Amino acid sequence: MQSILLVLFMGLIGAVIGGFTNYIAIKMLFRPYEPVYVLGRQLPFTPGLIPKRRHELSQKIGEMVTRHLLTPDVFKEKIMTAETRVFFERLLKEQLGNLKDQRYTIGYLAERFNLDIDSRLNHMLEEKIKAELTAVADQYAGTALSQLLPEQTQLALTEKVNRASDVLLEKFQVYIASDKGYDDILNMVENFFTQKGKMIGLLQMLMTPDAIAERVQREMLKLTEEEKIKAIIQSEVDKEYSRLMQTAPIDYISEEKVRLLINRSVETIKEKINIEYYTRTPLYELFPEAFRYAENEGMDRLLDTGLARVADSMPAILDRLHIAELIKDQIDRFQLSFIEELVIEIASKELKLITLLGFLLGGIIGLLQGVVALFI
């Protein structure tokens, strides 16, 4: 009877030792959290395995996740599924519907971000127009008219100038032959007699002012028919035209007036464009064709193109996100107690079985030792 009790006692002792050993081993995975020092020396196996290797562990977990779990191919495959397409299609339709129903405007959307869109756009428009007009004015202000005017315009002007002597003489003849021309000549003759006094007054005794005026009128009409007069007039017109074509806009308008003209032009253009109309009109009314297109064939094209580009860009996106580093940093932020609770919660059943296995193996070993001890 004593032999049986000895065997059983040794089996019990072995089971307690085996189970407690496994329990301590499991705890030593996490405990202690910090190194333990005795007499200035660090005790072995402190800190626990996971606290000691936590940075290596978090790095390996991050690398494993990015290399084998969250790979670009996995994301690409998920993005190109029918479920993802249906989700984004429904989302886009809802957003388009909200834009129409809520009558959102550019101004409203800008106000959500605390942006004074009217002032910004007006300022940008003013600066852009002023810069463009100033650049044009600076570029062409000193350029001769012969270089500024288009070739067709210059040809038309030259044709007009070549006929200038004929036109001028024709107008002059019409004027001289008219009653108004005769009256003006008569008035000039009478004024001449009045101003020159008695000496010229003797001439009046021979010819009346009317006769003199008629004689002057005839002579002037004859003069307009002379080719030499026509050539002289045409020559002077040609000289003046040539001089005019060599002048530049700056010769006729000062820089100050140019700037004033630019400022007035800017204000006029701003009034014509009317930025406030575009920022206060609902987007659906502002771009009706775009909304209709987006609701029909544009939706399919947008989804096909957008999802394909996102899928193709996943390697670059994931590379820039540094998923492995994000996972490592997140794990490193966890408290060791939280990691311990998390592992125990996930593997509590298995850890209990390991402890029970320690009791079982220890008990079996203890029983075997007891039996061996009986024969020694």
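Q: In this predicted model, which residues of H14 are buried?

A: An α-helix has 3.6 residues a turn, so residues three or four places apart point the same way. In the case of H14, the buried residues are Val258, Ile262, Val266 and Lys270. Viewed down the axis of H14, these buried residues fall within an arc of 110°, so they line one face of the helix.

Q: What do the buried residues of H14 pack against, and which exposed residues does the face turned away from them carry?

A: The buried residues pack against helix H6 (117–140), whereas the face of H14 turned away from its buried side carries Glu256, Lys257, Arg264, Glu271 and Lys272, which are exposed.

Q: How far does H14 reach from its first C-alpha to its last, and which residue just after H14 takes a positive phi?

A: H14, spanning residues 255–273, reaches 27 Å with its 19 residues, close to the 27 Å expected at 1.5 Å a residue; just after H14, Asn274 takes a positive phi of about 60°.

Q: Which residues make up the largest nonpolar core?

A: In soluble globular proteins, nonpolar side chains tend to be buried together. Here the largest nonpolar core has nine residues, namely Val65, Ile79, Leu307, Ala311, Met314, Leu318, Ile323, Ile327 and Ile331. Helix H18 (297–321) and helix H19 (323–333) are the elements that give two or more residues to this core, and the largest share, four residues, comes from H18.

Q: Leaving aside neighbours within four places in sequence, which residues is Met314 in contact with?

A: With those neighbours left aside, Met314 is in contact with Pro72, Phe75, Lys76 and Ile79; of these, Ile79 belongs, as Met314 does, to the largest nonpolar core.

Conventions: Residues are numbered from 1 along each chain as its sequence is written. This is a predicted model: local features need pLDDT of at least 70, side-chain atom pairs count only at pLDDT 80 or more; totals for chains, interfaces and linings use all residues. Side-chain values use heavy atoms; hydrogens and water are left out. The expected span of a helix is 1.5 Å times one less than its number of residues. Buried means under 20% relative accessible area, exposed over 50%, partly exposed in between (1.4 Å probe, protein chains only). The arc is that of the directions from the helix axis to the C-beta atoms. Contact means heavy atoms within 4.5 Å. A nonpolar core is a set of buried Ala, Val, Leu, Ile, Met, Phe, Trp, Tyr and Cys residues joined through side-chain atoms within 4.5 Å.
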